[in-house]
Amino acid sequence: MKKVFLGIIMLLGMMILTPVSSGEAASEQQTNIIVKYETEHDKKLIIQQSDSVVKEYSQLPLLEINISKDVLQELISNKHIVFYEENKSFSIQNQFKVANISSTELERWNLKAMDVQNGWNAGFTGKGVKIAIIDSGVANHSDLTVVGGASFVGNSYEDDHGHGTHVAGIIVGKHNGIGVAGIAPNAEVYALKAIGKDGKGDVADVLKAIDWAIENKMHIINLSFGDLEYAKSLHEGVKKAADHGIMIVAASGNEGNDSGTGNTINYPARHDEVISVASINRQFKRSSFSGTGNTNDFAAPGEEIYSTYLNGQYATYNGTSMATPHITGVLALLMEQYPYATATELRDGLRYIAEDLGEVGYDSLYGYGLPKFKMPNSMMMSEMLNSDLSATSTISKIETMPNTIEKLALKNDWNKSQQTIISQIDQILADFVRTPTEQKYNQLIGLLEGVVSVDIKLHKQKQLDATIARLFEPATNAVNVFNRNKTNYNYKKAETELKKLPSLKPKQELEAALNEGLQQFAKKAIDGLAQYEKQPTKKHYDYALFSINSLPDSSVKSELMEKMKKQVQTAVKQATAKISAYEKKQTLKNYINAENSIKAVFDDKERSKLELKIKKTVNNNMAKAKTRVANYEKKKSETNRNLAMKIVRELPNGKEKEQLLKRLK
């Protein structure tokens, strides 16, 4: 089928916002406004008091509402509304001109200007990069594949205007040998329709699209529209998207003049969170309509740009609207090539590959210049990656490198290594939650040392601390309960919980707290033992022994019991020595000394042993005495009496001794 080539030069190729008064000076008839709230409570209150809610945003702290002026002022005075403004409208203005296109799809001047073939030759086509085109939608076209999208001005994101379809072709036109070739043909494009068939739309619809992009985790938002008037709510949406790591590329605007003077850059391109794109022609000179100012970031082809159009056709447009998707496309190639680079690093990467245009260095007409795709020097990369520098020294050296594409490549590899460490931390942390061991804990601590980012390290340390806190919570509670109410049961419960835990520093701290509480619990036993050691009486012995036995099984109890045993053994040793002295010389004095020593042994078992030992000696002496007395009774001589009397007198006092003495009278 013969293709119809329609050339359209869009002299103003931008969405022009219709000026309206600011929210702070709303008219009496104002009903439809966009408000920002601070808290969920504020949000509910605003909804309750509004006449109607046109739109709630899932990701943005904004509401589009209809509300009476009196209620609005009341909400503002009570600080339930941070700010409000009227919903600004905008429109696209077009003029057309037929163009004769003779070059093939890969030979377009705009593609050659940015050396994107270098990226394609290296295998980079934007694969895996999700791009939201917020525009007039994208039409069904043989040269385009749209992954999905949403419409905020109708039931379908199908383009019935043409502008969004033209933008899409620049980014993802298929490489099929016909029509156009997109810069990032394998990127995933999502059509977010915020402009109607008549070319009109409003800020609220754009905010809905940004909200959708955040919720659906887009990587890049392409905004080929703008206006010289600042919209605070739109800035809020842009900032929120940037906070979620989404890169935003926007047109500088077509309000420039021939002399290139003044600050004519549109919003939202003027915001710091946005990559602002100016337009150049085939001669690499600024397009006369291109916006100028000190917030221009880059320049890209924006004149005679051939791309997809409605009804399967192709068209030629002019405008910074067309320059913008060129930067979006190159950015998608960089994202695929450097998947571990941050948004800031990728933005810097565009600077590293930009060819300076106009005045030397940055200028207000071209920004940093025209990005041209290039591959990093593999030798330089290898030298840095194979160095023996420490992690901190390596990143420090990378940061001080000249601003070249090698710097971005090395940062990407560095981020990859850091991400690998972080992934290992996450995996081991998950394992640690299931089966906490000292080995896993030490691994986590070691890996955390390798994380250079202070913020990430702090975040992961907080995760570990929170995991430890949850793990140690039962033991912590049990120790606290014991310290409040010191009983054997509470101590045993705390000890049981501690035994379940791996040997970590928090466990040692809890053990120390438990031991401190136990020391207080054992104070009576400690004081009782000290009193017994100072004054070893049966009463003090019994009190100390009872107090110690009342303690839970623990190191403190074992220590006190060991001291008690040593005290008993000392008494046993002294008694044993006295018994030995009595055994050697069986005198009444030695017996009394031995008996007194035995009485100082308050351990029943030990005392029984000692008493049996001395009783044996006493019985032997008694038997000898009885024999001598019997001899005296058989032969009552003075000699026999003296021999008997001598041994009887040294016997322990008692009835048997008295009876023997009577027999000797």
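**Close-up views of a predicted chain**

**Figure 1. The whole chain, before we zoom in.** Buried residues account for 50% of the 665 residues in the chain. Please keep in mind that this is a predicted model. The chain contains 23 helices and 18 strands. Its radius of gyration is 47 Å, whereas a compact globule of 665 residues would have one near 26 Å. Along the principal axes, the C-alpha atoms fill a box of roughly 165 × 70 × 45 Å. Among contacts with a separation of 6 or more, 72% come from residues 24 or more positions apart.

**Figure 2. F124 and F373, a tilted pair of rings.** The structure holds 14 aromatic pairs, and here is one of them. The ring centres of F124 and F373 are 6.5 Å apart and the planes meet at 45°, so this pair counts as tilted. F124 belongs to the loop between helix 4 (116–121) and strand 7 (130–135), while F373 belongs to the loop between strand 18 (370–371) and helix 10 (378–385), so the pair ties together parts that are 249 residues apart in sequence.

Figure 3. Y190 sits in strand 9 (residues 188–193) and W212 in helix 6 (residues 203–215), so to speak two distant parts of the chain, 22 residues apart, linked by the pair. Y190 has a relative accessible area of 12%, which means that it is buried. W212 is buried as well, with a relative accessible area of 18%.

Figure 4. One aromatic cluster is formed by F298, Y362 and Y368. Elsewhere in this view, look for side chains placed over rings. K55 lies over the face of Y57, 6.0 Å from the ring centre. The charged end of R270 is found over the ring of Y267, at 4.7 Å from its centre.

Figure 5. Strand 15 (residues 305–308) pairs with strand 16 in the antiparallel sense, over four bridges. Which residue of strand 16 is the bridge partner of I305? The partner is Y317. Five residues lie between the two strands of this hairpin, and N311 in the turn has a positive phi of about 55°. In a regular strand, side chains alternate between the two faces of the sheet. Strand 16 (residues 314–317) is covered on both faces: Y314 and T316 are buried on one side, A315 and Y317 on the other.

**Figure 6. P502 and its surroundings.** P502 lies in the loop between helix 15 (488–499) and helix 16 (505–521). With a relative accessible area of 9%, P502 is buried. Which residues does P502 contact, leaving aside its neighbours within four places in sequence? They are P436, T437, E438, L471, F472 and K507.

Definitions and conventions:
Residues numbered from 1 in each chain as written. Predicted model: local features only at pLDDT ≥ 70, side-chain atom pairs only at ≥ 80, totals over all residues. Heavy atoms only, no water. Phe/Tyr/Trp six-rings, centres within 6.5 Å; stacked < 30°, edge-to-face > 60°. Buried < 20%, exposed > 50% of the residue type's maximum accessible area, 1.4 Å probe, protein only. Lys NZ or Arg CZ within 6 Å of the ring centre and 35° of its normal. Rg over C-alpha atoms; globule rule 2.2 N^0.38 Å. Contact = heavy atoms within 4.5 Å. Pairing = 2+ DSSP bridges.
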